[in-house]
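Here is a briefing on one structure.

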Amino acid sequence: MAASNIGMMDGAYFVGRNEILAWINTTLQLGLSKVEEAASGAVACQLMDAAHPGAVPMHKVNFDAKTEYEMIQNYKVLQDVFNKLKITKHIEVNKLTKGRPLDNLEFMQWMKRYCDSVNGGFMNSYNASERRESSKGGKETNRRTSVPSQAPAKSSSATHKAQASSHGAKKANGHAPNAPPLRSAKPSPANSAGPAYDEQITELKLLVDSLEKERDFYFSKLRDVEILCQSPEVEHLPIVNAIHKVLYAAEDDPSMMAEAQAMISQQQQQSEQPMLSPILEASEERPAKQEAHKRKSISDLELEEFGMASSSRQRLSDISDVQLCGSPLTSFT
């Protein structure tokens, strides 16, 4: 699918938390108030069932998962569905099961992007409560979800009956119509401020998670640079020594940065020194080779002349030896 590997800068990851919660509650007929309530993996499994009806074995999904082991079983079901549908999305189970708001928000943002890409996101005919009946804890979840929806109707009817009974009691007691009305009880400040505090706490949690994620990102980058600088091929270079000086500095010392820049500038000066051209070197070597060749030719000629002279002397000595040995030819003469 097109949403299997969407990037972090995609518009899906800029959808707000309230919009994600409203989408989940509308699609699955739930009453989630926090994104981390979807950490068990059951919500993600049913969202995939809504996008692909019948693709998820809902009897294996546990809506009452509280422990990490139970949550992992739900994510195993989700991973099997991903494999069946050839979705290459990596599920970070270790982060999701911890219930961190930012991780679960990003995963639910991805789920919304994927579900919107399937059939245009139209899942109006999906009966979430009926599909949830076969799941473990599904009936209890349906019961908890239906109670808040019935509570406003019951409270309104009870209020109407109380008003009617009070009006009848006033008539029976003969109170004047212009009697001052009873003051209604004001809600306590603590109860009214509770949702606002919860909202602030959730926003602070998201901020902390975002900062921790950014910190871990830059730390991993610095660690990669450190490992690269420790390679035997480059660890002796001056620029690598300058990087080490910056990485291992205990404090923000201005002199440290100046020393690192001096090491780099020294390397640049060494690299800018003029080097002999190969053509010039070859032209300088050529006369030397020619001179050596001439010397060798002269020495060879001298050796040849010396050899010829020695051979003529040897012949003369041989003749003199023959004359002295008393040969008949010499005695005859």
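Helices (H or I, at least four residues) and strands (E, at least two) are DSSP runs, numbered from the N terminus. The model is predicted: local features need pLDDT of at least 70, side-chain atom pairs count only at pLDDT 80 or more, and totals for chains, interfaces and linings use all residues. Residues are numbered from 1 along each chain as its sequence is written, and side-chain values use heavy atoms, with hydrogens and water left out.

**Salt bridges**
- A salt bridge puts a side-chain nitrogen of Lys or Arg within 4 Å of a carboxyl oxygen of Asp or Glu.
- The whole structure holds four salt bridges.
- Lys112 and Asp116 pair at 2.9 Å, N to O. They sit four residues apart in helix H5, so about one helical turn separates them.
- Arg131 pairs with Asp49 at 2.8 Å, N to O. This pair links distant parts of the chain, 82 residues apart: Arg131 lies in helix H6 (residues 128-132) and Asp49 in helix H2.
- Buried means under 20% relative accessible area, exposed over 50%, partly exposed in between (1.4 Å probe, protein chains only).
- Asp49 is buried at 0%, whereas Arg131 is partly exposed at 29%.
- Lys112 is buried at 13%, and Asp116 is partly exposed at 32%.

**Core**
- A nonpolar core joins buried Ala, Val, Leu, Ile, Met, Phe, Trp, Tyr and Cys residues through side-chain atoms within 4.5 Å.
- The largest one has 43 residues; Ile24, Val43, Met48, Leu78 and Met108 have the most contacts inside it.
- Helices H1 (17-28), H2 (42-51), H3 (68-84) and H5 (101-117) each supply at least two of its residues.
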